[in-house]
Amino acid sequence: MVTGDRTVTPWRGAAGYTGAMRSARILLLVLSVTLLAGCATFRPDPPEVRLADLSIDRIGLFEQRYRLGLRMRNPNDRELDVESLRFDLILAGRAFADGVSTEGFSLPAGGEERVEVVVRSDLGSVLDLLSDWVEGDRALPYRLSGTARLADWGGITVAFSRDGELELPPSGGS
């Protein structure tokens, strides 16, 4: 429709988008999906965990409880709010103890904290360990592995694992 020296395009309603508007809308959709995918794939580095201490908490006939002192270091440049931990302790190649901690704590960016957790084992695991100790093994290789649930990253879980050795005191029998 022409009125004077201007051309006026009549309104075509929602179905009448021009090609430029359709292209802009597709571009916006592609950018949004790309940004969301990028955010979803970025994950923090897992905390570095090492065994700092192991002590007996309670001994029962069928189940034993131990306190583990864990030294946890945050390699990220952002604080990590750890909501919970799940972990397994393997000593001398044998499953020894496992545990879950739901006491939250924060790891400062680039910093470290000592965290105490409780683990449990069964009688068979303890007897296997005592057998190695009496036979003269003074250093027990260990593997501490598990996951940390991060509250400040939308509740994602990150895995951790650490190998090391525990020095045992002399058994007194050798």
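How accessible is arginine 67, and does that make this residue buried, partly exposed or exposed? At 30% relative accessibility, arginine 67 counts as partly exposed, where buried means under 20% relative accessible area, exposed over 50%, and partly exposed in between (1.4 Å probe, protein chains only).

The model is predicted, so that local features need pLDDT of at least 70 and side-chain atom pairs count only at pLDDT 80 or more, while totals for chains, interfaces and linings use all residues. Residues are numbered from 1 along each chain as its sequence is written, and side-chain values use heavy atoms, with hydrogens and water left out.

**View 1. The chain as a whole has two helices and ten strands.** Helices (H or I, at least four residues) and strands (E, at least two) are DSSP runs, numbered from the N terminus. Along the sequence they follow the pattern β-β-α-β-β-β-β-β-β-α-β-β. Of the 174 residues in the chain, 26% are buried.

**View 2. Aspartate 57 pairs with arginine 67.** The two form a salt bridge (a side-chain nitrogen of Lys or Arg within 4 Å of a carboxyl oxygen of Asp or Glu), and their closest N and O atoms are 3.5 Å apart. Because aspartate 57 lies in strand β3 and arginine 67 in strand β4 (residues 63–73), the pair ties together parts that are ten residues apart in sequence. Aspartate 57 is itself partly exposed, with a relative accessible area of 32%.

**View 3. Arginine 114 forms salt bridges with aspartate 53 and with glutamate 116.** The closest N and O atoms are 3.6 Å apart in the pair with aspartate 53. Arginine 114 lies in strand β8 and aspartate 53 in strand β3, so this pair ties together parts that are 61 residues apart in sequence. In the pair of arginine 114 with glutamate 116, the corresponding distance is 4.0 Å, and glutamate 116 counts as partly exposed at 46% relative accessibility. Salt bridges that share partners join Asp53, Asp57, Arg65, Arg67, Arg114 and Glu116 into one network.

**View 4. Serine 121 is a buried residue of strand β8.** The strand spans residues 112–122, and serine 121 counts as buried because its relative accessibility is 6%. Leaving aside neighbours within four places in sequence, serine 121 is in contact (heavy atoms within 4.5 Å) with several residues, among them Phe62, Tyr66, Phe96 and Val126.
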